[in-house]
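Please look over the sequence and the fold below. The paragraphs that follow take the strands, the rings and the charges in turn.

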Amino acid sequence: MTLTELSYYVRKAAPLLVIFTLIIFIFYYSIKLIFLLIEKPKTPNLVINPLFDKIEKPVLKEASSSGGFSYVLDNIEGRPVTATLAAKVFFIPEPQSRLTYRSRILLMAKQFGFDTDITKYKLIDDEAFFSDSDKKLYINIKNFNFRYEYDFGQHPEIFLQATLLQEKEIEQKIIEFLKSIDRYPEDLAKGKINFLYFDYNSANNSISPSSWERANIVELDFFPQDVQNYPVFYEKFQSSPNHVIATFINGEIKILKAKISYFEKAYDQFGIYPLKTGDQAYEELISGKGLIISNEAKEKKITINKMFLSYLDLESYFPYFQPIYIFLGADNFVAYVFAVSNDYLK
């Protein structure tokens, strides 16, 4: 056979060879695709480390059972949402007594306007109590959480000169005050804030929600920074126990009420616990094992528009900082379901 003849036959056979090769590839990958489709999905390896063994659930005194209602899930996903299979549970050390508390609480009392040479404090359990004719101050001597109230109803004249600053200035002056009493935790400094405005009516000694333009009182609420990319909420959802209520007279801050109730977390001490799936959490909600935080609905049928994972912070001491599922619905409906698997809850 000459080279010319060989070249002719190779050119003639080339298309058939290409088609045959393509058929082999199509057959091979078709078989592989069939096996992939019938193969059972692999369950991801769940790595847990329940460092604290079984943990307790906090008691939310103002919450009520989610039982007695019917629920309809109408979220974007169209089904219950599973955020993650496991999450960290952090330890919160219990505050310890401090022998040097006296100088600290006296400094705090002076910043609130008490004459500590005249006004002496009373020690009630772990709280130092200051009081005079128009204000009260309670300070925890272990961690210096505090709550303060000024009876501005006795002094309505202060509102004749009261004007609010711009939000940035309000935030700056309130933060400066908290720093002056050394009670501005890093978690709150890195977290979110929320402004609320009110108008005080001296004629009937009442306060009503208002806009910035009409208000003479501002409340600044502080929320902790996100944990593991999840938001942090409190027992009353969007209301924070860490807040300052104030007015401003000639640009100077006048504290009307204030409270910091924050417990330091040991973020380096944590266990990794399995969580309920979104379906399990939703089942607990509809079976009455969830906790209703807020509900203004007049009917028994609740439409759930959103569910997500969060961390629950508390204004009283509790040793475990843990995740929860939050359900939001129409008519200001808010409900919580503890997210840690029931096998690891006491």
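A residue is called buried when its relative accessible area is under 20%, exposed when over 50%, and partly exposed in between, using a 1.4 Å probe and protein chains only. Lys276 counts as buried because its relative accessibility is 3%. Its salt-bridge partner is Glu284, with the closest N and O atoms 3.1 Å apart. Glu284 also counts as buried, because its value is 11%. A salt bridge here means a side-chain nitrogen of Lys or Arg within 4 Å of a carboxyl oxygen of Asp or Glu.

The model is predicted: local features need pLDDT of at least 70, side-chain atom pairs count only at pLDDT 80 or more, and totals for chains, interfaces and linings use all residues. Residues are numbered from 1 along each chain as its sequence is written, and side-chain values use heavy atoms, with hydrogens and water left out.

Now turn to the strands. Helices (H or I, at least four residues) and strands (E, at least two) are DSSP runs, numbered from the N terminus. Two strands pair if DSSP finds at least two bridges between them. An open sheet contains 9 strands in the order 4-5-6-7-13-12-10-8-9. Their pairing is antiparallel. Strand 4 (122–124) and strand 9 (206–209) are the edge strands, and each pairs on one side only. On average, neighbouring strands of this sheet are turned by 25° against each other, direction ignored. Such angles run from 0 to 180 degrees between N-to-C directions, and the axes are lines fitted to C-alpha atoms, for helices over the stretch in contact.

Look at one pair within this sheet. Strand 5 (residues 127–131) and strand 6 (residues 135–140) are antiparallel and share 5 bridges. Ser131 faces Lys136 of strand 6. Helix 2 (residues 101–111) lies across strand 4, strand 5, strand 6 and strand 7 (146–150). The helix runs at about 35° to strand 5. Contact means heavy atoms within 4.5 Å.

Which strands pair with strand 16 in the parallel sense? Strand 2 (residues 70–73) is one of them, joined to strand 16 (residues 301–312) over 4 bridges. There, Val72 has Thr303 as its bridge partner. Strand 11 (residues 232–233) also runs parallel to strand 16, with 2 bridges. Strand 18 (residues 323–329) pairs with strand 16 in the antiparallel sense over 7 bridges. In that pairing, Leu309 stands opposite Tyr325.

Next come the rings. A pair of aromatic rings is described by the distance of the centres and the angle of the planes. Rings of Phe, Tyr and Trp (its six-membered ring) pair if their centres lie within 6.5 Å; planes under 30 degrees apart count as stacked, over 60 as edge-to-face and the rest as tilted. The whole structure has 27 aromatic pairs. Phe195 and Tyr197 are stacked, at 6.3 Å centre to centre and 5° between the planes. Both Phe195 and Tyr197 are buried. Phe318 and Tyr320 have ring centres 6.3 Å apart and planes at 80°, so this pair is edge-to-face. Phe318 and Tyr320 are both buried. Ring pairs also link Phe90, Tyr267, Phe270, Tyr311 and Phe321 into a cluster.

Some rings carry a charge over them. That requires NZ of Lys or CZ of Arg within 6 Å of the ring centre and within 35 degrees of the ring normal. The charged end of Lys265 sits over Phe321, 4.9 Å from the ring centre. Lys135 places its charged end over Phe114, 5.0 Å from the ring centre. Lys135 is also linked with Asp132 and Asp134 in a network of salt bridges.

How many salt bridges does the structure hold? There are 11. One of them joins Lys142 and Asp126 (3.5 Å, N to O). Lys142 lies in the loop between strand 6 and strand 7, and Asp126 in the loop between strand 4 and strand 5, so the pair ties together parts that are 16 residues apart in sequence. Lys142 counts as buried at 19% relative accessibility, while Asp126 counts as partly exposed at 31%. Another salt bridge joins Glu315 and Lys259, with the closest N and O atoms 2.6 Å apart. Glu315 lies in the loop between strand 16 and strand 17 (320–321) and Lys259 in strand 13 (residues 252–260), so this pair ties together parts 56 residues apart in sequence.
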